[in-house]
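Here is a short tour of one protein chain. Have a look at the sequence and the model first, and then we'll walk through a few spots together.

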Amino acid sequence: MVIGTDTTYLGNEIPGLRGQKVRIFAVLRGSLRPDANPDADDYYVNDDEKLARLGGVTTEDCIDAAPIRPDGTTSFVHVDPRAVDLECFAHLRNPSAQ
């Protein structure tokens, strides 16, 4: 399961978020590619079954996530970090280490 997962942001691109817990709402498939098409049917994936059919999360993906507040709710402000900047996908940084 990816959608709904809570994880930690490890990157440096989003100031103030490093080390904070976030909740995953969707995967922005291929969003780091220069030819990414945000209007494509398979770009914004918020269903685990569909994500699995498309091959799962890759190094070319970003994640639609929201910071988790101390009470467990999420902020209405969403961020889109690179998948590899989230703890649960850190293994994608070095695929040969799997």
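## A linked set of charges

Which residues are linked in a network of salt bridges? They are Glu13, Arg82, Asp85 and Arg93. A salt bridge here is a side-chain nitrogen of Lys or Arg within 4 Å of a carboxyl oxygen of Asp or Glu. Side chains of opposite charge can pair when their charged atoms come close.

Before going on, a word on the model: it is predicted, so local features need pLDDT of at least 70 and side-chain atom pairs count only at pLDDT 80 or more, while totals for chains, interfaces and linings use all residues. Residues are numbered from 1 along each chain as its sequence is written, and side-chain values use heavy atoms, with hydrogens and water left out.

## Inside the network

Glutamate 13 meets arginine 82 at 3.8 Å, N to O. That pair links distant parts of the chain, 69 residues apart: glutamate 13 sits in the loop between β1 and β2, and arginine 82 in the segment after β4 (62–67). Strands (E, at least two residues) and helices (H or I, at least four) are DSSP runs, numbered from the N terminus.

Arginine 82 also forms a salt bridge with aspartate 85, at 2.8 Å, N to O. Glutamate 13 is exposed at 54%, arginine 82 is partly exposed at 29%, and aspartate 85 is buried at 2%.

The structure holds six salt bridges, and one of them joins the side chains of aspartate 6 and arginine 23 at 2.6 Å, N to O. Aspartate 6 lies in strand β1 (residues 6–8) and arginine 23 in strand β2 (residues 21–28), so the pair ties together parts that are 17 residues apart in sequence.

β2 also pairs with β4, in the antiparallel sense, over six bridges; pairing takes at least two bridges found by DSSP. Isoleucine 24 stands opposite alanine 65 in β4. As for cover, five of the six residues of β4 are buried.

## A buried aspartate

Aspartate 61 lies in the loop between α1 (48–53) and β4, and it is buried, at 1% relative accessibility. Its side chain reaches the backbone nitrogen of threonine 58 at 2.8 Å. The backbone nitrogen of glycine 30 lies 2.6 Å from a polar atom of that aspartate 61 side chain.

Terms used:
Buried < 20%, exposed > 50% of the residue type's maximum accessible area, 1.4 Å probe, protein only. Polar contact = N/O pair within 3.5 Å; in protein donor to acceptor, adjacent residues only side chain to side chain.
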